[in-house]
Amino acid sequence: MQRANARYYATGEPFREFATGPEISQVFGEILGLWAATVWEVMGRPDPLLLVELGPGRGTLMRDALRAASQVAPNFRSALALHLVETSPKLRSLQEVLLPGAAWHADWREIPDGPMLLLANEFLDALPIRQFIRRPGGWTERFVFGQRFVERPAAAPPRDAPEGGIVEVCEPALALAGALGERFAATRGGLIPGVALFLDYGPAASAPGDSLQALRDGRPADPLADPGTADLTAHVDFQAFAAMARARGAEVSGPVAQGLFLTRLGLFQRLDRLARGRSPAMAAALLAAGRRLVEPDGMGRLFKVMAVASPNLPPLPGFAP
Ligand code: SAH
């Protein structure tokens, strides 16, 4: 369903067309950097620590995160080995400018062994989904053929839906959840294997429905027109992702609404500090950008945050009041 997306990220100019959290406000990455430094302490300060980001886009989140974390936790910074997973050569060349010295991989399966902390913002929604439709005679799967949808008979998907309903399955996301679950469950030599944080949009519980969306020039567009020229995304099925990670032995925290998560971690305090000493217009602009991340009609409610972690860790920051 989303083969065209790799082409879009490779050739298009994704970040002129929609703004992600880190591109809206620097506090997004800064807060995640402080979160990462705290979680490193919770993990028993492994050194070296693999700090991994999946789909880093322009590299803004990681740049902001490392700047904030180095100020409060220089030992954390010096323990890090940075690993970035990116398929787009164009975005990778932007990341090389902001994040010199990182290692790049085209696939998360290439990440080396060792204690790991992983961040992924708006990565899962870009992975291809399959859509199954419940018809009176049984299940079909929907495919793109030329510039239209066609349906072919299919086996029943893992979840049910009322007649005419669509069940979406994101196999690459489930494969990732399973692999992280296994990796984080296997303690070796007393080291905590890892924690991963996913920020993305979608409902907290699996729900039938067609969530495939195309954005062209920042506006909703026909997903079938001009393949490769629009950004294709789908809601993330957090419930299915969590179930898979748990089944393989990891613990899952959340999902919690992004607004709640960032507020608990001190978003408004950071915004205040950032605005201090600026002109009133500048301070108002900084505050407005920060609010977009947490307001219910901005990104505060539809966006969710979920952590997949090694079992028996103390509660992770942001997930408990
Ligand atoms: N995290 C960034 C960018 C989000 S856009 C931000 O918040 O601004 C999605 C990112 O995932 C892009 O960098 C895109 O090139 C990358 N991507 C998409 N599919 C991928 C895949 N299968 N493997 C690795 N990276 C992928």
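Pro48 sits in the loop between H4 and S1. Helices here are DSSP runs of H or I with at least four residues, strands are runs of E with at least two, and both are numbered from the N terminus. Pro255 has its place in strand S13, residues 251-257.

Before I go on, the ground rules. This is a predicted model, in which local features need pLDDT of at least 70 and side-chain atom pairs count only at pLDDT 80 or more, while totals for chains, interfaces and linings use all residues. Residues are numbered from 1 along each chain as its sequence is written, and side-chain values use heavy atoms, with hydrogens and water left out.

Staying with the backbone, there are two positive phi values to mention. Most residues other than glycine have a negative phi, and most peptide bonds are trans. Glu122, not a glycine, has a positive phi of about 50°. Glu122 lies in the loop between S4 and strand S5 (130-135). Is Glu122 buried or exposed? Its relative accessibility is 15%, so Glu122 counts as buried. Buried means under 20% relative accessible area, exposed over 50%, and partly exposed in between, with a 1.4 Å probe and protein chains only. Asn312, again not a glycine, has a positive phi of about 70°. Asn312 is in the segment after S14, and at 71% relative accessibility it counts as exposed.

Pro321 is also in the segment after strand S14 (303-309). With 96% relative accessibility, Pro321 counts as exposed.

Now the chain as a whole. There are 13 helices and 14 strands. Why do we call the size of the chain consistent with a compact globule? A compact globule of 321 residues would have a radius of gyration near 20 Å, and the chain has 20 Å, so the two agree. That radius is taken over C-alpha atoms, and the globule rule is 2.2 Å times the number of residues to the power 0.38. Buried residues make up 50% of the 321. Of the contacts with a separation of 6 or more, 76% join residues 24 or more positions apart; contact means heavy atoms within 4.5 Å.

Next, the interior. A nonpolar core is a set of buried Ala, Val, Leu, Ile, Met, Phe, Trp, Tyr and Cys residues joined through side-chain atoms within 4.5 Å. The largest one has 51 residues, and those that touch the most other members are Trp35, Phe76, Leu117, Leu197, Phe261, Leu293 and Phe319. Helix H4 (residues 26-42) gives the largest share of this core, nine residues. A second, separate core has 32 residues, including Ile129, Phe198, Phe241 and Val308. What does Leu197 touch, leaving out residues up to four places away in sequence? The partners of Leu197 include Leu32, Trp35, Phe261, Met306 and Phe319.

Then helix H12, residues 280-294. At 1.5 Å a residue, its 15 residues should span 21 Å, and the end C-alpha atoms are 22 Å apart, which agrees. The expected span is 1.5 Å times one less than the number of residues. Ala283, Leu286, Ala289, Gly290, Leu293 and Val294 of H12 are buried. Down the axis of H12, the buried residues fall within an arc of 145°, so they line one face of the helix. The arc is that of the directions from the helix axis to the C-beta atoms. The face of H12 turned away from the buried side carries the exposed residues Pro280 and Ala281. Among the elements that cover the buried residues of H12 are helix H3 (21-24), H4, helix H10 (258-264), helix H11 (267-275) and helix H13 (296-300).

Last, helix H8, residues 171-185. Its 15 residues reach 21 Å from first C-alpha to last, close to the 21 Å expected. The buried residues in H8 are Ala173, Leu176, Ala177, Gly178, Leu180, Gly181 and Phe184. They pack against strand S1 (49-54), strand S4 (116-121), strand S9 (194-201), helix H9 (238-247) and S14.
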